Amino acid sequence: PESMASARQEALLTLHAIDRLPAKARTAFRLSRIDGLTYDEIAAKMTISKSAVEKHMILARKRLRAAMLPLN
């Protein structure tokens, strides 16, 4: 029961952190991690460069790591 509560808390924290990302970082992150698109596919879908996708993903990962620190 305790580990299930901890997992639930972690999932909620993660979802909340994703929702708080800047719009383009959130979109790029979801397209990559949830939809499984490549950076090239994301760039085409968002009509931005691949390097912009990389920038948004770096920002997303950085902010999500910071949001998860309280759990460590």
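Author: In this predicted model, a residue counts as exposed when its relative accessible area is over 50%.

Reader: Why is K62 called exposed?

Author: K62 has a relative accessible area of 57%. The cut-off is over 50%. Therefore K62 is exposed.

Reader: Where is K62 placed?

Author: K62 sits in helix 4, which covers residues 50-68.

Reader: What makes K62 part of a positive patch?

Author: The patch is formed by R20, K62, R63 and R65. Lys and Arg count as positive. A patch residue needs over 30% relative accessible area, and K62 has 57%. Patch members also have no salt bridge, and like charges are joined within 9 Å.

Reader: Why is K55 called exposed?

Author: The value for K55 is 54% relative accessible area. Exposed means over 50%, so K55 is exposed. K55 also lies in helix 4.

Reader: How far is the C-alpha atom of K55 from that of A25?

Author: The two C-alpha atoms are separated by 8.2 Å. Along the chain, K55 and A25 are 30 residues apart.

Reader: What is the overall pattern of the protein?

Author: The pattern reads α-α-α-α along the sequence. There are four helices and zero strands. The C-alpha trace spans about 45 × 20 × 15 Å along its principal axes.

Reader: How much of the protein is buried?

Author: Of the 72 residues, 28% are buried. Buried means under 20% relative accessible area.

Reader: Where is confidence lowest, and where highest?

Author: Helix 1 (residues 2-19) is lowest, at a mean of 84. Helix 3 (residues 39-46) is highest, at 98. The mean pLDDT of the protein is 91, and 94% of its residues reach 70 or more.

Notes
Residues are numbered from 1 along each chain as its sequence is written. This is a predicted model: local features need pLDDT of at least 70, side-chain atom pairs count only at pLDDT 80 or more; totals for chains, interfaces and linings use all residues. Side-chain values use heavy atoms; hydrogens and water are left out. Patches are made of residues with over 30% relative accessible area and no salt bridge: like charges are joined within 9 Å, nonpolar side chains (Val, Leu, Ile, Met, Phe, Trp, Tyr) within 5 Å. Accessible areas come from the Shrake-Rupley method with a 1.4 Å probe; for residues, only the protein chains shown count as cover. A salt bridge is a side-chain nitrogen of Lys or Arg within 4 Å of a carboxyl oxygen of Asp or Glu. The place of a charge is taken as NZ of Lys, CZ of Arg, CG of Asp or CD of Glu. Helices (H or I, at least four residues) and strands (E, at least two) are DSSP runs, numbered from the N terminus. Buried means under 20% relative accessible area, exposed over 50%, partly exposed in between (1.4 Å probe, protein chains only). pLDDT is the predictor's confidence in each residue, from 0 to 100.
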